[in-house]
Amino acid sequence: RELLEEVEGLLAAPGDRPLFLYVHAIPPHGPFVTPEEFGGRFDPDYAGPIDGSVDSAVFIQRGGLAPEHPDVVQFAALYDEYLAFADAELGRLLDGVRAAGREQEFAFVHLSDHGEAFMQHGALGHGMHVYEEQVRVPLSITAPGSALPAGRVVEQPVSLLDVFPTLVELCDLAAPAGSRSGVSLVPAIAWERTGEPTGLRPGARPLFLSSRYRGDAAVSRHIGMRLGDFKLVCARDSGAPDEWEVELYDLAADPGEERDIARDRPLLALALERELRRFAEGAALADTDAGRNDGLSADVLEELRALGYVK
């Protein structure tokens with residue numbers, strides 16, 4: 001709330017120059033400590049020990065509890081309460097902009113960097129897998145002053161890498177030299193509206209996924225790619241990086257990724273694995289300068305370390 005109050009002040013300032021704000025709100029990240037008025041919304045009859053703390057997470061993970069176990073259900077309910085709190089606060093912020101009659105001046109992009117697992121594949125939290133519960137995230141774009149139609153839902157899978165080029169096009173800016181990641185989603189939204197082909201239909205391009213940052217050599221790394229409704233998931237052993245355990249899922253028929261069809265569709269699995277290997281090799285080359293921190297102060301680096309974003 002303190003963070004968004006500061007944002008409100010910045011948005012209320014006279015618009016004499018372009019304004020870009022990156023607002024990183026921690027909720028609904030764990031531990032799930034929700035204001036009292038949001039408590040008890042989603043699992044009101046629970047009477048067990050789970051309270052949303054780190055200790056609760058350790059208890060569930062060590063117990064290997066199933067997703068339908070009452071303790072896991074309560075932990076997910078506490079997450080949903082925290083999510084409801086964050087949603088209400090962001091809504092209040094947007095309502096303030098509308099009440100001031102300034103919504104035409106801004107484009108708002110709301111997204112998350114990851115999802116949260118609640119033991120669907122034996123894991124709790126995030127960062128260790130690339131299954132849907134950890135990588136499928138919300139992305140909404142509100143731009144009343146633009147040509148984007150209101151209320152449109154783009155069904156095709158997209159990437160968070162697409163946010164930057166989308167903002168560049170919405171703001172009618174020239175893309176900086178060397179920026180090649182992602183594509184603008186403006187044509188995709190226009191296609192949903194008009195039916196005109198844009199080359200961005202489902203399955204038109206692969207989307208790549210990675211569970212961990214470069215340098216986590218002590219653990220296996222989960223990577224994957226999605227092409228249309230098919231998704232390849234690979235576990236790479238840190239001690240034997242050339243050995244891949246491959247899983248293939250049809251998300252249209254199996255959105256929970258419960259049935260591995262790699263043996264049923266071996267040629268498709270092999271083709272996707274080859275594409276993923278090419279991407280992984282290219283990413284490794286591109287990461288050679290990943291350890292550089294030019295221009296970041298010691299205080300900023302320490303904050304990023306505390307959040308787990310740098311080593």
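At 5% relative accessibility, Met119 counts as buried in this predicted model. Met119 is placed in the loop between β2 and β3 (124–125), and its phi is near 70°, a positive value in a residue other than glycine. Glu257, likewise not a glycine, has a positive phi of about 50°. The loop between β8 (240–250) and α7 (266–286) holds Glu257, which is buried with a relative accessible area of 2%.

One joins Pro27 and Pro28, with omega about 10°; Pro28 has its place in the loop between α1 and α2 (54–63). Another joins Gly30 and Pro31, with omega about -5°, and Pro31 lies in the loop between α1 and α2.

The mean pLDDT of the protein is 84, and 84% of its residues reach 70 or more. Strand β2 (residues 117–118) has the highest confidence, at 96, while helix α6 (residues 186–194) has the lowest, at a mean of 68. Over residues 196–200 the pLDDT falls below 50, and this stretch has twelve contacts in the model beyond near neighbours in sequence. The pLDDT is also below 50 over residues 215–219, a stretch with five contacts beyond near neighbours in sequence. Pro187 is located in helix α6 and is partly exposed, with a relative accessible area of 27%. The C-alpha atoms of Pro187 and Thr166 are separated by 9.3 Å, the two residues being 21 residues apart along the chain.

The count of salt bridges comes to 14. In one of them, Asp162 pairs with Arg205, the closest N and O atoms being 2.5 Å apart. Asp162 is buried, at 0% relative accessibility, whereas Arg205 is partly exposed, with a relative accessible area of 23%.

Other salt bridges lie within helices. The side chains of Glu89 and Arg92 meet at 3.0 Å, N to O. Because Glu89 and Arg92 are three residues apart in helix α3 (residues 70–99), about one helical turn separates them. Glu89 is buried, with a relative accessible area of 9%, and Arg92 is partly exposed, at 34%. In helix α7, Glu275 and Arg278 are also three residues apart, about one turn of the helix, and their side chains form a salt bridge at 2.6 Å, N to O. Glu275 is partly exposed at 28% relative accessibility, and Arg278 is exposed at 52%. Salt bridges that share partners join Arg1, Glu8, Glu37, Glu89 and Arg92 into one network.

In a regular strand the side chains alternate between the two faces of the sheet. In strand β5 (residues 207–210), Leu207 and Leu209 make up the covered face, and Phe208 and Ser210 the uncovered one. β5 pairs with strand β6 (residues 221–227) in the antiparallel sense over four bridges, with Phe208 opposite Met225 in β6.

Leu3 lies in helix α1 (residues 2–12) and is partly exposed, with a relative accessible area of 38%.

Note on methods:
Residues numbered from 1 in each chain as written. Predicted model: local features only at pLDDT ≥ 70, side-chain atom pairs only at ≥ 80, totals over all residues. Heavy atoms only, no water. Helix = DSSP H or I, 4+ residues; strand = E, 2+ residues; numbered from the N terminus. Buried < 20%, exposed > 50% of the residue type's maximum accessible area, 1.4 Å probe, protein only. pLDDT = per-residue confidence, 0-100. Contact = heavy atoms within 4.5 Å. Pairing = 2+ DSSP bridges. Salt bridge = Lys/Arg side-chain N within 4 Å of Asp/Glu carboxyl O.
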